[in-house]
Amino acid sequence: MLSIYYADIQELPTEIGPLPISDYRREVLDKIRHPMKRRQSLGVELLLMKALQEKYPNIHFPVHIFKSEEGKPYLMDLPVHFSLSHSGVYSACVIADEPIGLDIQMDRDFHPGVSRRCFTPEEMDILLKCPSKDYAFSMLWSLKESYLKALGTGLSKSMQSVSVEFHVSSPLAKCEGAHFWHTYEGECHFSVCVLGRKALDSVELKKIKLL
């Protein structure tokens with residue numbers, strides 16, 4: 001079973017203190033001044049630690065996180081892929097044996113101009129027919145971003161470069177070898193994309209209390 005770990009980060013401290021976090025995360029936090037953004041960034045690291053500890057009970061922290069040329073963080077010393085995301089009051093993490101992308105999006109308002117710049121004509125046709133365009137906009141955004149994260153490119157690659165045939169209950173990607181899963185909870189969209197699996201049949205959300 002694939003587990004998505006997520007947490008409400010509003011009560012996290014803004015300072016690292018004695019926490020055994022990676023040098024990578026310390027460098028990221030050194031560049032962030034906004035209190036909530038610092039909590040989001042610290043939250044994804046703490047969730048990654050939780051996920052790794054469940055998979056590798058004898059692991060020692062901090063772990064060594066490296067960054068690819070495209071900016072995707074990875075673990076050189078462990079045979080595991082991971083993806084991190086945050087939006088609003090939530091941070092989230094997922095780990096897997098295959099390349100994986102996770103994106104979470106708090107509810108966002110539908111913007112026609114933004115949609116036309118980021119979505120394909122086929123996606124726009126589906127989106128404009130949806131009863132709740134705000135919901136469909138946020139859902140589609142999270143699906144597409146999860147795919148780009150799985151590729152390892154993030155938003156450095158155009159969102160229009162991938163097209164997703166989506167439905168509110170059964171999103172399907174047109175991209176060969178990519179499989180999606182989506183759910184909505186707590187006014188937040190959770191989307192996962194894996195490369196190489198036949199399907200994502202079993203996924204669970206695990207809400208964690210940090211610190």
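Predicted model: local features only at pLDDT ≥ 70, side-chain atom pairs only at ≥ 80, totals over all residues.
Strand S10 (residues 188-195) is joined to S9 by eight bridges. Within this pairing, Thr-183 has Phe-190 in S10 as its bridge partner.

H4 contributes Glu-123, Leu-127 and Leu-128 to the contact. From H5 come Lys-133, Ala-136, Phe-137, Leu-140 and Lys-144. Five residues of this contact are nonpolar, three are charged and none is polar.

Helix H1 (residues 23-30) has a buried side and an exposed face. Tyr-24, Arg-25 and Leu-29 are buried in H1. These residues lie on the same side of H1 because they cover an arc of only 130° around the axis. An α-helix has 3.6 residues a turn, so residues three or four places apart point the same way. The face of H1 turned away from the buried side carries Asp-23, Glu-27 and Asp-30, which are exposed. The cover over the buried residues of H1 includes helix H2 (35-55) and strand S2 (65-67). Strand S3 (73-75) and strand S4 (81-87) are also part of that cover.

In soluble globular proteins, nonpolar side chains tend to be buried together. The largest nonpolar core of this model has 28 residues. Leu-48 and Leu-210 touch the most other members of this core. At least two core residues come from each of strand S1 (2-8), H1, H2, S4 and strand S5 (90-96). H2 gives the most, with eight residues. Leu-210 touches Ala-7, Ile-9 and Leu-12, as well as Gly-43, Leu-46 and Leu-47, if residues up to four places away in sequence are not counted. A second core is separate and has 22 residues. Among them are Leu-127, Cys-130, Leu-143 and Ala-178. Leu-127 of H4 is also one of the residues that meet H5.

Key. Residues numbered from 1 in each chain as written. Heavy atoms only, no water. Pairing = 2+ DSSP bridges. Helix = DSSP H or I, 4+ residues; strand = E, 2+ residues; numbered from the N terminus. Buried < 20%, exposed > 50% of the residue type's maximum accessible area, 1.4 Å probe, protein only. Arc of directions from axis to C-beta. Contact = heavy atoms within 4.5 Å. Nonpolar A, V, L, I, M, F, W, Y, C, P; charged D, E, K, R; others polar. Core = buried A, V, L, I, M, F, W, Y, C linked by side-chain atoms within 4.5 Å.
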